[in-house]
Amino acid sequence: PYDGTTVAQITGTPTVDGILAGDESGVTLVTENAAASFANADAARNTPVTFDGYSLTGERAHNYDLSQPQGLKADITPKTVGLSWANTDLTYNKTAQQPTATATGLVGSDVCAVTVKGSQINASATAYTATASALSNPNYALPEEKTCAFTIAHKVVGPTWSHTRLPYTGSAQTPRVTATGLEKTPKDGRFLLVCNHQFLADPGILLHYFKDSQLAFISKQENR
């Protein structure tokens, strides 16, 4: 597989052709210094390979000139990467979200971005699945396991209180409340607001922030 170099691995047992009958025992092929290299280091099919370092020895070797192997080609297959997933625990923010994946096991300073599909918008009690679909570097290949589970939690909303310690003025005073987490709140039109308020001030808060809307409340008897 691809390793960032042009070094080709030599396998098998080479033989010498063209030795005349009767000279075979006096000519031996020396392979200790043999080396092979690809014309290009990138992953590809049918890449030309050049050889060097083969030699002859023996009492009759001086009668022969050795030609190095020629015209050979081989494949450099893409290297399979690992995947490191991040941002798998998300919180609803009104936009499409998904985890991110990083390719691991890269050679040297290689760069390889991972394309991830499966983004979701809505919060859910069950996990979603994201899939690594492509790599930006053709020298690498995705692993068999390409998926990752992720969650989008509900965004916690509620009032934020301030000015709760007030100086005496002789007049009625109230603290200030700010509603937070109002993403995707309707701005116009008619809509039904359903909530399980647990605090006597909840209706007042809702009336303040939805002052331009018509609201009706159904409450527990003890909240009268």
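These notebook entries record what I looked up in a predicted model.

**Entry 1: ground rules.** I number residues from 1 along each chain as its sequence is written, and my side-chain values use heavy atoms, without hydrogens and water. As the model is predicted, local features need pLDDT of at least 70 and side-chain atom pairs count only at pLDDT 80 or more, while totals for chains, interfaces and linings use all residues.

**Entry 2: the sheet.** I looked up an open sheet of four strands, which run in the order E9-E14-E12-E11 with mixed pairing. Strands here are DSSP runs (E, at least two residues), numbered from the N terminus, and two of them pair if DSSP finds at least two bridges between them. Strand E9 (89-91) and strand E11 (114-117) each have a single partner strand, so one side of each is left without a neighbour in the sheet. From one strand to the next, the twist averages 40 degrees (axes are lines fitted to C-alpha atoms, and angles run from 0 to 180 degrees between N-to-C directions). I then followed E9 to strand E14 (residues 147-153): the two pair in the parallel sense over three bridges. Asp89 has Thr151 of E14 as its bridge partner.

**Entry 3: aromatic pairs.** I found two aromatic pairs in the structure. Rings of Phe, Tyr and Trp (its six-membered ring) pair if their centres lie within 6.5 Å; planes under 30 degrees apart count as stacked, over 60 as edge-to-face and the rest as tilted. Tyr2 and Tyr140 are edge-to-face, because their planes stand at 80 degrees, with ring centres 5.5 Å apart. Tyr2 belongs to the segment before strand E1 (7-8) and Tyr140 to strand E13 (residues 140-141), 138 residues apart. Both residues are buried (under 20% relative accessible area; exposed is over 50%, partly exposed in between, with a 1.4 Å probe and protein chains only).

The pair of Tyr128 and Phe150 is tilted, at 5.6 Å centre to centre and 35 degrees between the planes. Tyr128 lies in strand E12 (residues 128-135) and Phe150 in E14, so this pair ties together parts 22 residues apart in sequence. Tyr128 is buried at 16% relative accessible area, and Phe150 is buried at 1%.

**Entry 4: the core.** I looked up the largest nonpolar core, which has 26 residues; Tyr140 and Phe150 are among those with the most contacts inside it. Such a core is a set of buried Ala, Val, Leu, Ile, Met, Phe, Trp, Tyr and Cys residues joined through side-chain atoms within 4.5 Å. E12 gives the largest share, four residues.
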